[in-house]
Amino acid sequence: MLEKFRLLKTKKIIAILNGDEVLGKIEDKQDFGTYSMELRLPYLSGRNICDVATEFGKYIDYDGRSRWEYMYELIEHGIQSKNIATIVAYFFSETNFTEHGREYNKLNNNRERTEYYNRVINEAILKINKLLSFSREELVLGKNSVYMKSVGNGVDLSMDSIDGMGQNYIKEISVKIDKNLESGDYDSVLTQSRTLLEEVFIYALEKRGVEANTHGNIRNLYKLVKQNYSMDQSKFEDVRVKEILSGLEKIIVAISEFRNNNGDAHGRGSKRNTIKEHHARLVANSAKSLGEFMISVINNRQWFSQ
């Protein structure tokens, strides 16, 4: 099983793990212009990689070699020491972001950092698994570890047993939403509700081999999902089906607008309104219900057969 981790020893995957690869951008339109931030794992210098290796019991001499060579050596050490899952998990950890994440540490507060962290992690896992697709293996991120598994080995996609690529984040975000509802942090509830839907939509597209290159535009993400899961309203004659699909789209648009006007995004202008508990709870429950529905759609490949 540990031998599968050698599949990570390619320059393209190493470029993701050591922060070279830009995975996308966050673009946020504000009154004074468009704010843009690159999505990437924290950039690790050669010396940083050697320091990480030392933390995991491997001394690597910093002798001017290429950074990917240090990474190869670190991964091989992890396989030999049977600690590779913990080592790889470090690159995705909040500790790595706190110690080395330049973009991450520029953000103003914990809410913005959490949103950025979740987006980067999801994009990194999706990109790595796309590169691994020909091997029929995929990298799955757990809470404090990672593992390699064969594609199609029956990962349970239900919300009560979320373990697959991208789905781990959905469960974690749901827990955070509940905690913030109870603590009265309703701004974070809005942001996390939107993030939950983004994670589900991105995962749905990845399962169909579609690149979700929409710069975080949730409406465009859902449009791609509709196209790939036979959910376009125009394809159905049954008025009831059309109304349900129309309702789903209205929920997505409303959650997007709630977050843009009230959530803890980068801009906080004078038009910002105060969110009340019952509104936050409605948004959260709507996002969870829609997320659960989409998981079912993904599991059944499409909603209705034609």
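1. A few ground rules. The model is predicted, so local features need pLDDT of at least 70 and side-chain atom pairs count only at pLDDT 80 or more, while totals for chains, interfaces and linings use all residues. Residues are numbered from 1 along each chain as its sequence is written, and side-chain values use heavy atoms, with hydrogens and water left out.

2. Start with the largest nonpolar core, which has 47 residues. Such a core is a set of buried Ala, Val, Leu, Ile, Met, Phe, Trp, Tyr and Cys residues joined through side-chain atoms within 4.5 Å; buried means under 20% relative accessible area, exposed over 50%, and partly exposed in between (1.4 Å probe, protein chains only). Among the residues with the most contacts inside this core are Phe5, Phe92 and Ile128. Elements giving two or more residues to it include helix 1 (11-17), helix 7 (110-131) and strand 3 (137-141). Helices (H or I, at least four residues) and strands (E, at least two) are DSSP runs, numbered from the N terminus.

3. Phe92 deserves a look. Leaving aside neighbours within four places in sequence, Phe92 is in contact (heavy atoms within 4.5 Å) with residues including Leu17, Leu41, Tyr117, Ile128 and Leu139.

4. There is also a second, separate core, of 38 residues; Leu197, Ile218, Val283 and Ala287 are included in it.

5. Leu197 and Ile218 turn up again where helix 9 meets helix 10. Helix 9 (residues 186-207) and helix 10 (residues 218-228) pack at about 35°, their axes 9 Å apart. Axes are lines fitted to C-alpha atoms, for helices over the stretch in contact, and angles run from 0 to 180 degrees between N-to-C directions. The contact residues comprise 10 nonpolar, one polar and two charged. Here Ala, Val, Leu, Ile, Met, Phe, Trp, Tyr, Cys and Pro count as nonpolar, Asp, Glu, Lys and Arg as charged, and the others, Gly among them, as polar.

6. Now the rings: the whole structure has seven aromatic pairs. Rings of Phe, Tyr and Trp (its six-membered ring) pair if their centres lie within 6.5 Å; planes under 30 degrees apart are stacked, over 60 edge-to-face and the rest tilted. Tyr62 and Tyr70 make a tilted pair, 6.1 Å centre to centre with 40° between the planes. Tyr62 is partly exposed at 40% relative accessible area, whereas Tyr70 is buried at 0%.

7. Trp68 and Tyr72 have ring centres 4.9 Å apart and planes at 65°, so this pair is edge-to-face. The two are four residues apart in helix 3 (residues 67-81), so about one helical turn separates them.
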